[in-house]
Amino acid sequence: MNHRVLPERPLPGHAVCLDLRAGGPDDPGAAVRAALDVPQPGGERRFLVVDEAAGLVGHQLLYERLSSYGPAQIVCLAVGARGDRTLRRTLTLRPPAAGVLWLFDTTGDTTGDATGDATGDDAFLRPLVEVLATPEVFDAVLGSLGEVVHGVAVPAVRVLEHDLTDEARARAWRQAVEGLTGPEVPAGSASPEGVPGALALLLGEGVPRSLSGHDWLPAGGRAGSRLVACREALDDAVDGYERVRGAVGLLTGAGRDVDLPGDIERLTEELARFRTAVADAFGAAGGTRLTAEHRGLLRDRGVELPELPREITRAGIVPALRDHTYELIGQGLPLRSVAARLSALAARTAPAGSASRLARLDAICGPERLRRLGSRYPFTAGGSRPVAFALTGLLALLAGVWPVLGWFLGPAVGALAAGLAHLMLRRRPNRSPDGRIDGGGATGAAPRLAGGVVGGLVGAGLGQFLGPPVWAASAALAVSVVAVLLLALRDWNRAVDDWWARADPEEAGRIMQEIHALVVTTAVHDWLFAEVRHHCAAGAGAVARLLRGLAETADAYGGGARPQDRTAEWGTDPVSEWGAGPMSEWGPDPEPEWGPGTVSGWGPNQASWADEASRPAPGPSGGADPWTDSGSWDDWRDDEDDGWSDTGDEPPVRRPGAPAATPPPSPPRAPSSSPRPAPAPTVSAEVPGAAFSAGPAPAWLERRYGDGGPALVDTLLGDLVASTVLLLDGCWAGIERDPGGAEHAAQGQRLAELLDETRIRLERDAAASPPPPYEGLRDLGALTSLAAFTDRSERPDAARLTGVAPDAVARLLLAEDDPGGTVELCGPEHLRLLSHDPLAARQVRFVPEAMRRGAAGDDIWRGTAEDVVWTGAGRYAGILRLVPLRADVVHTVRAEEAGEP
């Protein structure tokens, strides 16, 4: 089969193409069987057959086999020789199920190629085959053939092709692949914010709500009993402190049996034992996976573990990872950035074992904190000694103003103050009742006694001189005594509180709470969640490795390296099965007529498609292409007069088959189609079909190349992201079963296929047609953040993709029904075979739907003929006129006359 005429692969919904001409396959029957094996959706079976006009009768059985699986629709392109004057066909090729387009001339004048070789023949047929294979055009042509005599017609064609330059296509593809893969970024750190709830529970140190009331350290266990003893010792110390403090503790014997130093000593010892018990539990179950043996060891050490809470399960981890991955992709992050975040998630959730918590335990309750808690602190009361001396002397002076009695009362008040200070010293809280523990102290009794004696004597002398009344002297005495008592109680409370604050036995309570919280955190995250954390870390790591591998595959694919070069990394050949299939054209073409250097393939020393962007197409004088530079999107604006609006000033076109020094000749009866001289574009065959679209163009085909519109890269990137999501959607089951053993070779092969499918659409119609429906996704509407990526049915208009305005197509369709506007595919000697009835001809106008999508095309297409066929895909638009033949030119041969093929 001549792959240079037919598409490299059947497109979904398009007619299946096959070539039965001489020089085709050795076994035409095998070619027909292969065509029948191609699946066609919706039960519609369309076949586009290229055959020689002289071989229609001989291939009767082959055409009958095309209908062997049920009703089939057949359009036959019968290629006739220059000397043919009649057409013989069988009953199988009659309407309404079949029709024949008779092409009298496929080389020479109509192609600008006077040699008549196979290259001109292929350049003539391939665009016509691509147009007719489109299902909408196929059905319209077959229906029109049913309305002409014998169902046979000679086509008269005028087609416009809107496409991208090789440089624009390579640049857009490279930018889209770079946007998909992204650069290498550091892993960073993971945080509970912005992740699903199941993963946030693993990233933080919180406890599930269902476990908030669980008793992790039962009182009957080893650690629990130590904790209870600590709490009892702390309670005793706090109770003793409350009893010692205040007037009762100082003036009565209520605090006489309180042993605060002993309680604090016992608290320190119990806290050390509790810490040792917890450290023993951490070390006994210090592995990264919790086993039944570990549960037994923990139970023996007083740690009771519940069952795994309902808030998190192993089965819910991979779905949460999937949602998180899709959410990151939905935020526009490239694959390597998503992989970096997943790597950070894997590192954060990887279980380290409870033994790693021992350092934190030492920080909470280390030897230094225990030593400080058990230290002995002196008890100091009375404040500054000079102040105490002066204040006591003043109070004694007031008491001594009583005449005569003042000599006794003044020093007595000083003695009272000194006695209370001595009482504070004897009942100080840092001394055990038996004297075993004594932190020492000072209360300032001597300064108070001295101050009182001096003040009292001075007051007595002053009273003798002044002689105050008795009521005044008694009032002064009462004030002095009350002030001494109140000041003593104030000093006592301040001294007790100061000593308690410096000893800080309540710090032991905070230490117990921190240790208990550490035990709970360890029990939840290092013991209960150990299996879940291990599964999450393995799953996140597997997805990160997969994304990095896909990014490297995409980079190698987009950079021009063969996908097969990834065999060493993926472990298998991602595209090994393509060598015998349609994709074999990607490698160096074995056919000798291609000639060396014509097509840049995938070979190790050949230029890649991405390299075309750095190699400008030669102009008429060997320089850069001036038309490509002037055909960018930015060169035409809505608020400026369109330079293409005048039919006398045509936009840049390329006629690769035209000579470089002179413009190509105008086709007959179509003088307005003559373009300006244009250079031959650089030929690139790395995408199937590139070499043929850039080859010599027939006279009825006008090519217009754009430099890419503003929506091209974003559209390609969205398609690539949607393909990646489709690929990932099939990997989660394997990651769920065995994250560490997930095989990524198949994903590399699948990604190569998806990239190939996207690049084929880029070559076919600048990605204006949507990708095929994604049946692999479970629920397209479940993830709103990915709606823009998974639903690719909404596409930009063709002008925003190619950068070529649709004015010329609109003018062609709005033109009068002038037969001179098309080029009949026959020579002058064949014109007498055509019907001269102007009403007998039928006309099919076709335009890709992408050309009228978007706001840019609404006004342009207003007034377009109602019979326009809007195609779903393709880069061709134009007119097909079907000119019937005279009734005596076509002969139908019955079965008994046909014979065997």
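**Reading the labels**

Mentor: Let us start with a helix pair: α16 passes α18 in a right-handed crossing. Right-handed is the word when the near helix is turned clockwise from the far one by less than a right angle, and left-handed when anticlockwise. One caution: this is a predicted model, in which local features need pLDDT of at least 70 and side-chain atom pairs pLDDT 80 or more, while totals for chains, interfaces and linings use all residues. Residues are numbered from 1 along each chain as its sequence is written, and side-chain values use heavy atoms, without hydrogens and water.

Trainee: What makes α16 roughly parallel to α18?
Mentor: The axes of α16 (residues 406-426) and α18 (residues 470-503) cross at roughly 15° and come within 10 Å. Angles under 35 degrees count as roughly parallel, over 145 as roughly antiparallel, 65 to 115 as roughly perpendicular and the rest as oblique. Therefore α16 is called roughly parallel to α18.

Trainee: Which residues of α16 and α18 meet?
Mentor: From α16 come Leu409, Val413, Leu416, Ala417, Leu420 and Met424. They meet Leu477, Ser480, Val481, Val484, Leu485, Ala488, Asp491 and Trp492 in α18, where contact means heavy atoms within 4.5 Å. By class, this contact of α16 with α18 has twelve nonpolar, one polar and one charged residues.

Trainee: Why is cysteine 76 called buried?
Mentor: Buried means under 20% relative accessible area, exposed over 50% and partly exposed in between, with a 1.4 Å probe and protein chains only. Cysteine 76 has 0% relative accessibility, so it counts as buried. Cysteine 536 is also at 0%, and therefore counts as buried.

Trainee: What is the peptide bond from proline 95 to proline 96, cis or trans?
Mentor: That bond is cis, with omega near 5°. Proline 96 is found in the loop between β4 (87-90) and β5 (98-103).

Trainee: What is the phi of aspartate 504?
Mentor: Phi of aspartate 504 is near 50°, a positive value in a residue other than glycine. Most residues other than glycine have a negative phi. Aspartate 504 is found in the loop between α18 and α19 (506-528).

Trainee: Why is aspartate 504 called buried?
Mentor: Its relative accessible area is 16%, so aspartate 504 is buried.

Trainee: And where is alanine 766?
Mentor: Alanine 766 is in the loop between α26 (745-765) and α27 (787-790). Its phi is positive, about 60°, although alanine 766 is not a glycine. With a relative accessible area of 0%, alanine 766 is buried.

Notes:
Axes are lines fitted to C-alpha atoms, for helices over the stretch in contact, and angles run from 0 to 180 degrees between N-to-C directions. Helices (H or I, at least four residues) and strands (E, at least two) are DSSP runs, numbered from the N terminus. Ala, Val, Leu, Ile, Met, Phe, Trp, Tyr, Cys and Pro count as nonpolar, Asp, Glu, Lys and Arg as charged, and the others, Gly among them, as polar.
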